[in-house]
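This report goes through a single chain element by element. Please keep the sequence and the model in view while reading.

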Amino acid sequence: MYQVHVVENGLQAKEKIDELVTSGYTKDDVYLFAHDKTRSKHLTENTNTEGVGMKEQGFLDTVGNLFKSRGDELRNRMSNLGLSDMEAERYEEVLDEGKVVIVASKQDNKDGVTH
């Protein structure tokens with residue numbers, strides 16, 4: 001089970017994340033995406049949300065992302081959270097416009113399956 005939200009800036013991201021936490025997600029279930037790596041890092045740090053790492057992606061995808069374009073990397077990370085390839089492509093285009101994408105995804109920690 002996942003939810004995707006598009007916001008314009010860090011303030012809106014913080015408000016949306018607070019809403020998601022109030023509705024039952026933990027901050028560990030919330031992932032924030034921005035096209036610019038520096039912006040993504042700052043927003044993730046400032047909102048105490050998660051980056052998509054090896055736990056969600058697996059070792060081979062993580063290593064593979066080292067050789068991909070930023071767009072490919074973002075689509076791959078969104079797909080690893082349960083979005084279809086078509087959805088990931090659509091939201092990556094939104095990121096190209098300078099917006100922020102928030103994905104709230106509950107995963108079973110044992111098998112990495114999205115619920």
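V30 has A104 as its bridge partner in β3. The model is predicted, and local features are used at pLDDT of at least 70, side-chain atom pairs at pLDDT 80 or more, and totals for chains, interfaces and linings over all residues. Residues are numbered from 1 along each chain as its sequence is written, and side-chain values rest on heavy atoms, without hydrogens and water.

Two further residues stand opposite β3: L32 faces I102, and F33 has V101 as its bridge partner. β2 and β3 (residues 100-105) pair in the antiparallel sense over four bridges. Strands count as paired if DSSP finds at least two bridges between them. Helices (H or I, at least four residues) and strands (E, at least two) are DSSP runs, numbered from the N terminus.

## Overall make-up

The chain has six helices and three strands. Read from the N terminus, its elements follow the order β-α-β-α-α-α-α-α-β. Of the 115 residues in the chain, 38% are buried. Here buried means under 20% relative accessible area, exposed means over 50%, and partly exposed lies in between (1.4 Å probe, protein chains only).

The accessible surface of the chain is about 6400 Å², and carbon and sulfur atoms hold 51% of it. These areas come from the Shrake-Rupley method with a 1.4 Å probe, and for residues only the protein chains shown count as cover. Among contacts in the chain with a separation of 6 or more, 59% are between residues 24 or more positions apart; a contact means heavy atoms within 4.5 Å.

## The sheet

The three strands form an open, antiparallel sheet in the order β1-β3-β2. β1 and β2 are the edge strands and have a single partner strand each, so one side of each has no neighbour in the sheet. Neighbouring strands are turned by 20° against each other on average, direction ignored. Such angles are taken between N-to-C directions, from 0 to 180 degrees, with axes fitted as lines to C-alpha atoms, for helices over the stretch in contact.

Helix α1 lies across β1, β2 and β3, and runs at about 155° to β1.

## Burial of the strands

In a regular strand, side chains alternate between the two faces of the sheet. From β2, V30 and L32 point one way while Y31 and F33 point the other way, and all are buried. β3 is covered on both faces, with V100, I102 and A104 buried on one side and V101, V103 and S105 on the other. Six of the six residues of β3 are buried, so the strand is largely enclosed by the rest of the structure.

## Nonpolar cores

A nonpolar core is a set of buried Ala, Val, Leu, Ile, Met, Phe, Trp, Tyr and Cys residues joined through side-chain atoms within 4.5 Å. The largest core has 13 residues, of which F33, M78, V101 and V103 touch the most other members. Two or more residues come from each of β2, α5, α6 (85-96) and β3, and α6 gives the largest share, four residues. Another core, of 12 residues, lies apart from it and includes V7, I17, Y25 and L32.

Leaving out residues up to four places away in sequence, V101 touches V4, H5, V6, Y31, L32, F33, Y91, V94 and L95. In helix α5 (residues 70-80), the buried residues are R70, G71, E73, L74, N76, M78 and N80. Just after α5, G82 has a positive phi of about 115°.

## Two single residues

H5 is part of strand β1 (residues 2-7). With a relative accessibility of 18%, H5 counts as buried. Its side chain makes a polar contact of 2.9 Å with that of Q3. A polar contact is a pair of N or O atoms within 3.5 Å; within protein, one must be able to donate a hydrogen and the other to accept it, and residues adjacent in sequence count only if both atoms are side-chain atoms. Beyond its neighbours within four places in sequence, H5 is in contact with K16, L20, V100, V101 and I102.

K27 sits in the loop between α1 (10-22) and β2 (30-33). At 27% relative accessible area, K27 is partly exposed. K27 and A104 are 77 residues apart in sequence, and their C-alpha atoms are 8.7 Å apart in space.
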